[in-house]
Amino acid sequence: MAKSKRMINVDFINDSSFKIKLSNKARLLYFHILTNADDEGFCNNVDELILILNSNDIIFNNCSDALISNNFENALVELVSRGFLIEFKGNHDNKVYLIRHWFVHNSIPKDRVTPSNYTKYLAKVHKNL
């Protein structure tokens, strides 16, 4: 499935565990991760997304210390600790994240799925279920 065809399940984002119990920054980061994930829900450029979001906050708030107390790194910790993302250590100290509810949002016909480079992590998830 082309990344330009990502979907978001409205019932999921309207659930209080997402809508009320997550910070605005965590929700925004979740949407960015969701749109950048591969066809099986893995995202390997979260550090880049955080860098962009942090720098945009600084630019638009016109203040260099606007995010010291609540930046997008904290939002990532929030998403992992609340179980929205599963964290894996990738190659060269890069972390890879799996969107736990990927298939709630996206159902892709098997003949259109581009296999993930991170299927070894998917096997770990299935093993722990």
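**Close-up 1. Strands S2 and S3 pair up in this predicted model.** S2 and strand S3 (residues 95-99) run antiparallel to each other, joined over five bridges. To find your place, look for leucine 85, which sits opposite isoleucine 99 in S3. Zoom out a bit and you get an open sheet of three strands in the order S1-S3-S2, with antiparallel pairing. Strand S1 (42-43) and strand S2 (85-89) are the edges, each pairing on one side only. Helix H7 (residues 119-128) lies across S1, S2 and S3, and runs at about 125 degrees to S2.

**Close-up 2. Glutamate 87 and lysine 95 join in a salt bridge.**

**Close-up 3. Arginine 6 and aspartate 39 form a salt bridge.** A search of the whole structure turns up two salt bridges, and this is one of them. The closest N and O atoms are 3.2 Å apart. The pair ties together distant parts of the chain, 33 residues apart: arginine 6 belongs to the segment before helix H1 (10-14), while aspartate 39 is in the loop between helix H3 (24-36) and S1. Arginine 6 is buried, and aspartate 39 is buried as well.

**Close-up 4. Glutamate 78 is buried without a salt bridge.** You'll find this residue in helix H5 (residues 72-81). Which side chain of opposite charge is nearest to glutamate 78? That would be arginine 82, 4.1 Å away; the pair isn't a salt bridge because the limit is 4 Å. Leaving aside residues up to four places away in sequence, glutamate 78 touches Lys21, Leu22, Ser23 and Ala26.

**Close-up 5. Helix H5 has a buried side and exposed residues facing away from it.** Phe72, Ala75, Leu76, Glu78 and Leu79 are buried in H5. They span an arc of only 160 degrees around the axis, so they fall on the same side of H5. Just past H5, keep an eye out for glycine 83, which takes a positive phi of about 85 degrees.

Conventions
Residues numbered from 1 in each chain as written. Predicted model: local features only at pLDDT ≥ 70, side-chain atom pairs only at ≥ 80, totals over all residues. Heavy atoms only, no water. Pairing = 2+ DSSP bridges. Helix = DSSP H or I, 4+ residues; strand = E, 2+ residues; numbered from the N terminus. Contact = heavy atoms within 4.5 Å. Axes fitted to C-alpha atoms, helices over the stretch in contact; angles between N-to-C directions. Buried < 20%, exposed > 50% of the residue type's maximum accessible area, 1.4 Å probe, protein only. Lys, Arg positive; Asp, Glu negative; His and termini not counted. Arc of directions from axis to C-beta.
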